[in-house]
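Good morning, colleagues. Today I will speak about pockets and the residues that line them. Please look at the model as I go.

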Amino acid sequence: MKILVVLLCLMATLFIDGTVIAAGEYVRPPPRKTFHLLWNSRPSSQPQQVHISLAGDKHIRVTWVTTDASCPSIVEYGTSPGKYSATAKGESTKYSYLLYSSGKIHHTVIGPLQENTTYFYRCGGEGPEFQLKTPPSKFPVTFAVAGDLGQTGWTKSTLDHIDQCKYDVHLLPGDLSYADYLQYRWDTFGQLVQPLASARPWMVTEGNHEKESIIFLEDGFVSYNSRWKMPFAESGSTSNLYYSFDVAGVHIIMLGSYTAYDEYSDQYSWLKVDLLKVNRKRTPWLVVLFHVPWYNSNKAHQCEGDDMMAAMEPLLYAAGADIVITGHVHAYERTKRVYNGKPDPCGAVHITIGDGGNREGLARKYKQPPPEWSVFREASFGHGELKMVNSTHAFWSWHRNDDDEPVRSDQVWITSLISSGCNTGDSHELRKILMAS
C-alpha cells in the first residue's frame, strides 16, 4: 500500500531544477553536446558555406566562401538542371580577426527571377550544382522561424524539423553561430546550415553573440557583416544591422537590438521613413524581428529590452505592427496582442523563439504568476512556422523538437489589424504621429 501511495505522489508532481511540474506536463530532456564539424583551411576553389538571401524585388543574393583567393564571384543559373541560361558577376570581401584570416567571401545578386520557381545554380564556375526556390508573389506564403541556433545536437534537430516544413523563407532573430570570437566556428556554422540555407532565403538580424568586439583590437560585427549581407541598401538603410523587405503581401522589418535605437539615432530615423512608405493595401501584414524581447515573463534577460521598447514601440503601434518576433531568451513564449505593458486589441502579438538549439541550454525558470498578456510559454528547443493564408488571416504554430514535426505544441490563428477596425494603414493620422515622433 505504501509503495502505491509513493507511486501516486510521483505521478502527481515532478520536481525539475526546483520547479514543480504538474502531472502530464512536458518534461524537458537535458541539453545536447556541441555538434562538431571538421574545419579545413587548405586552399580550395570549391564553394563552401553557400547561403542565399532576398536582395530586392525579384532578386536573390548568393553568398559562398572559397579558400582560394583567385576564384571569380560568378553565379551561373537557370530553370533546368545543368543548363544555365544566365550568369551574374558579384563582389567579394575578406576580413582578419586577431590571428584568423577568412576565406574569400563572395556575394553575387542574381535576377530578375520568376516568383515561386525552382532555379539551379553553380558558384564560381565549378563545383556542385545547387537549387533554390523563389518565394511566391501572392498569398499564401510560409515562413520558418528559429532563433539562437548555435551548433549543437539540438541545432541539428531543429534544422531537420525545418527541412520537413514546406516553407518559403527562413527568419532568424539573432544569434547565429555562437562562434564567440572563435572565427573558424563561423565556417563550421556555414557548413551546418548550407543544405537549408542554399535552398531557401535566410533573412537574419544580429544578436549579442554576433558582436565579437574587443576594445582597442576588433570592431563589432565584423564577421557577421562580412558573411551575412542582407538587403539593407535596397531598403534605404545605411547599416547591415537593420533593414526591411517584402515577401508576397508581407512587409518585414529587421531591427538591431545592438546598434543605437534612441530617437536621435540613424536606426530610429530610418524606421520612421520605412514605416511611412508601407502600403497596407499592397502589404497588409507588418511583421517585425529583433533579438531582445520587449515582453518576457522568463526570469532570464529581464528588462534588457526596456529602453528599445520605450523608444520604438510607439512607432510600431502607430503603424499597426501585427507580429513581433524575438530571440535571446532560450525558451518559447507567445503573448496576446499587447501595447504599453497591457493587453491591447490594436497591439502586436509578441513571440519569443530563442530556442533553436544553442550550447548555453534552456532558460527554464519563469516568473509566477504569469502576466496577463502571456498566453503560452515553455522552455524547450523547437521552431515556429508562420503561414500568411491571405490578407486577413495567418496561422502560427510552434513545434517542439522532441515531437514529430507535424505535431504543433502551440498554435493560433491571427487576424490582421487592417481587418480588425484598428486605426492603421496609410491614414493621415498615422503619418501625423510618425512625423511628430
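This is a predicted model: local features need pLDDT of at least 70, side-chain atom pairs count only at pLDDT 80 or more; totals for chains, interfaces and linings use all residues.

With four residues, β16 gives the most to the lining of the largest pocket. Helices (H or I, at least four residues) and strands (E, at least two) are DSSP runs, numbered from the N terminus. Residues are numbered from 1 along each chain as its sequence is written, and side-chain values use heavy atoms, with hydrogens and water left out.

The largest pocket has a volume of about 680 Å³. Lining it are 28 residues, of which G56, D57, K58, D246 and V247 are the closest to its centre. Two or more lining residues come from each of β16 (243-247) and α5 (266-277). A pocket here is an open set of points on a 1 Å grid over the protein atoms alone, where a 1.4 Å probe fits, with protein on both sides within 12 Å along at least five of seven lines; lining residues have an atom within 4 Å of a point. Points are joined across faces, edges and corners, and the volume is the space filled by probe spheres set on them.

The second largest pocket has a volume of about 500 Å³. Its lining has 24 residues, and the closest to its centre are T142, C165, K166, Y167 and E385. The elements giving two or more residues to this lining are β13 (141-145), α3 (184-197), β24 (382-388) and β25 (393-400).
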